[in-house]
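This report covers the pockets of one protein model and the confidence of the prediction. The structure is shown first.

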Amino acid sequence: MSRPLVISGSVLLVDADAEPLRDAALLVRDGAIAAVGPAGELRASVPEAQDGGHHDVLLPGLIDAHSHARRTPLAAHGIGGGPLERFLVALAEATPLDPRDEALRSGADGLATGITATQALVHDFGDEDAYAASARAVLDGYGASGARAALALGLTDRDEWGPDDVDAPARGIAPERFAEVAGGLLGRRVGRATIDAVGPVAPQWCSDRALAAIAAAGARRIHAHLLESPRQRLLADVAGDPLARLDGAGLLGPATSLAHGVWLADDDVARLAASGAVLVHNPGSNELIGVGRLPLRERLDAGLRVAFGCDSHLPTDPPDAFAELRRAIAVAAARGTVVSAREALRMAWAGGAAALVRDDLGRLAVGARADVVALRLPAALGAADPRTTVVTEADRDAVARTWVDGELVFPWPATVAEAVDAAASRASERLALDAAGRTARRGATAETWSRVDGAWRRLAERAGRSEPGVEVRG
């Protein structure tokens, strides 16, 4: 049993809704919060405790509920924005990087910006051995970073680029084999990283037999993309309701989280709210890929549980989770609506905990895991509502310390810092060596995109719709 730990702050945020505490402290025992109370009294009551220091603000660790376990910006590969369907084709241009290195850097950089837990969707177009090796590498990378991570194993067996398998990438796993492959990976754990979910990468990219195979894997959670772009909305209207297919396969419920959902129809929203599923909002990624603005205010008012995600694809490099919270508020404002700082924090705390099906995360209360972020933020000390100040004023440079399970994980221990630097150097070297390869692949994907784009335009014509690839929601 480790020594207890006391961490104190001038301001302590329990969660998004409780009134902030002043000059308060946390007592941590065996990775969980054992007591919360006045700093002086708590320190005096446990004189043998380790001292975690006194900080301006203590808050629960943020939860990134949708990631792809990447850290190297896609811009470094020469890959730009949308429309989404062109972006997906362009991903084939990217330089293959070590998935362990990318996950290690993703987890460590998350800790530096206050993200203590990440949900990452993992899938691979290789054969069964390649798929399993990739999943284990991502698990190992997050485990080595010290971060908490929950990995979801994704499956597709339909075209991810166009509406009719015009240029579908080859896949190495037949749907009938997925349950067995996933069964050999579910429950694996390295450090604080675990594989505990499965899902269709997106339901429109899965046949009914693939959805049945995903359900047969028997995971505790489901995670997927859903209705991210206007062209995906068109395909749903023409070819079938993706939510109905998820529901029919037994993949829609309170343990389901769905990323993006920018193009949900009103009846989709009502069905999601009734199911208890969680929608994951990715404001920066939505902006970069040009899929439109999520009607966040309307989603919240409809009773949807909403989480927050970075999608491994942000306008800021290095990633800044606080800037993304502000972006979520700004996106709502651009639609003429208001989302408060407390609601943004609720997405990053309670919403993220719901997506991970972990009621012991996203709050600093007795019984919760001791995932704690300390900020240098003097402006919050005299603020009437420090929660608003955290959202409007904090950035990654304000993060002084981060603990996960009561263990100090940022500033990174020397071994982690060295591993992160080495991984970054390897990525830079591989990018430089592969410059000519990316140029050649770019030529090939340009030809592919011409065919894929033509297929989407023909679908729009057959449906009697205006070309949806240039619409902007909101």
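## Pockets and confidence

In this predicted model, 36 residues line the largest pocket, and those nearest its centre are His68, Arg70, Leu91, Ala94 and His123. The volume of this pocket is about 1100 Å³. Two or more lining residues come from each of α2 (84–90), α3 (99–112), β6 (115–122), α4 (128–145) and α10 (283–289). The element that gives the most is α2, with 3 residues.

The second largest pocket has 25 lining residues, with Arg71, Ser312, His313, Leu314 and Pro319 nearest its centre. Its volume is about 380 Å³. At least two lining residues are supplied by each of β5 (62–67), α3 and β6. Here the largest share is that of α3, at 3 residues.

The lining of each pocket divides by residue class as follows.

As to confidence, the protein chain has a mean pLDDT of 95, with 97% of its residues at 70 or more. Among its helices and strands, strand β14 (residues 372–375) has the highest mean, 99, and helix α7 (residues 230–239) the lowest, 93. Residues 469–474 have a pLDDT below 50, and this stretch makes 17 contacts in the model beyond near neighbours in sequence.

Technical notes: Residues are numbered from 1 along each chain as its sequence is written. This is a predicted model: local features need pLDDT of at least 70, side-chain atom pairs count only at pLDDT 80 or more; totals for chains, interfaces and linings use all residues. Side-chain values use heavy atoms; hydrogens and water are left out. pLDDT is the predictor's confidence in each residue, from 0 to 100. Helices (H or I, at least four residues) and strands (E, at least two) are DSSP runs, numbered from the N terminus. Contact means heavy atoms within 4.5 Å. On a 1 Å grid over the protein atoms alone, a cavity is a set of points where a 1.4 Å probe fits but cannot get out, and a pocket is an open set with protein on both sides within 12 Å along at least five of seven lines; lining residues have an atom within 4 Å of a point. Grid points are joined across faces, edges and corners, and a volume is the space filled by probe spheres set on the points.
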